[in-house]
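Could you walk me through this protein model, step by step? I would like to see how each answer is reached.

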Amino acid sequence: MPKLFDNMQIGFVACRIGMRKDQYQVLCLGLQGSGKTTALASLVGESVTDIEPTTGFNIKTLPLKDTVVDIKELGGSDKVRPFWSKYFEGQHGLLYVIDAASDDNVLKEAVKILQGVISSSLLRGIPCVILATHQDLENSRSPQEIAQFFERDFAWQKMASSYVWFSRS
């Protein structure tokens, strides 16, 4: 998945803007079934067959040139989401995964949940990359259509086919 890898690298570069570190902590969130585990497995070169839903958390390490990005993916079910805030402290970036083939109600729910997440003072000032998965499906939305769901409530900077939101300091 070279396109996914290229887009993710561009997004993670955004996490380095204004920071000088050798290691970064990125939190990966999204609704259940959005494709978080598959995207991360693909990103680090692991097999994407027989992926099971994440019920707790999953950690992947991504070496990028002279930097290491530790990505902690948290399950997206209704039962796990109340515990997300326990992992906010010390994060340098947020990767929010959405399903580009989901219906309007699911996308609206994803926006609402992201609003709640980024309202936390613990995430203030960190970049948020939105990754739209399932773009290979026939009924998936274009990046422009997805952006319309988010741009009403967020200020975005477009980088390649990813959108990066910078929270207010």
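Here are some questions and answers about this model.

This is a predicted model, where local features need pLDDT of at least 70 and side-chain atom pairs count only at pLDDT 80 or more, while totals for chains, interfaces and linings use all residues. Residues are numbered from 1 along each chain as its sequence is written, and side-chain values use heavy atoms, with hydrogens and water left out.

Q: In what order do the elements of the protein chain run from the N terminus on?
A: Helices (H or I, at least four residues) and strands (E, at least two) are DSSP runs, numbered from the N terminus. The protein chain has four helices and seven strands. Read from the N terminus, the order is α-β-α-β-β-β-α-β-α-β-β.

Q: What percentage of the residues of the protein chain count as buried?
A: Buried means under 20% relative accessible area, exposed means over 50%, and partly exposed is in between (1.4 Å probe, protein chains only). The protein chain has 169 residues, and the buried part is 49%.

Q: Which parts does the aromatic pair tie together?
A: Rings of Phe, Tyr and Trp (its six-membered ring) pair if their centres lie within 6.5 Å; planes under 30 degrees apart count as stacked, over 60 as edge-to-face and the rest as tilted. The search of the whole structure finds one aromatic pair. Phe57 and Tyr87 form this tilted pair, with 6.1 Å centre to centre and 50° between the planes. Because the two residues are 30 apart in sequence, the pair ties together strand β2 (residues 57-64) and the loop between β3 (67-74) and β4 (93-99).

Q: Which residue lies over the face of Phe57?
A: A charge sits over a ring if NZ of Lys or CZ of Arg is within 6 Å of the ring centre and within 35 degrees of the ring normal. Phe57 itself is partly exposed, at 47% relative accessibility. At 5.6 Å from the ring centre, the residue over its face is Lys72.

Q: How many of the residues of helix α2 are buried?
A: Helix α2 covers residues 36-43 and is largely enclosed by the rest of the structure. Among its buried residues are Lys36, Thr37 and Leu40. Of the eight residues in α2, the number buried is seven.

Q: What arc do the buried residues of α4 cover around the axis?
A: The buried residues of α4 are Ile146, Ala147, Phe149 and Phe150. The arc is that of the directions from the helix axis to the C-beta atoms. They lie on the same side of α4, because the arc they cover is only 155°.

Q: Is Asp50 buried or exposed?
A: Asp50 is found in the loop between α2 and β2. Its phi is positive, near 60°, in a residue other than glycine. With a relative accessible area of 73%, Asp50 is exposed.
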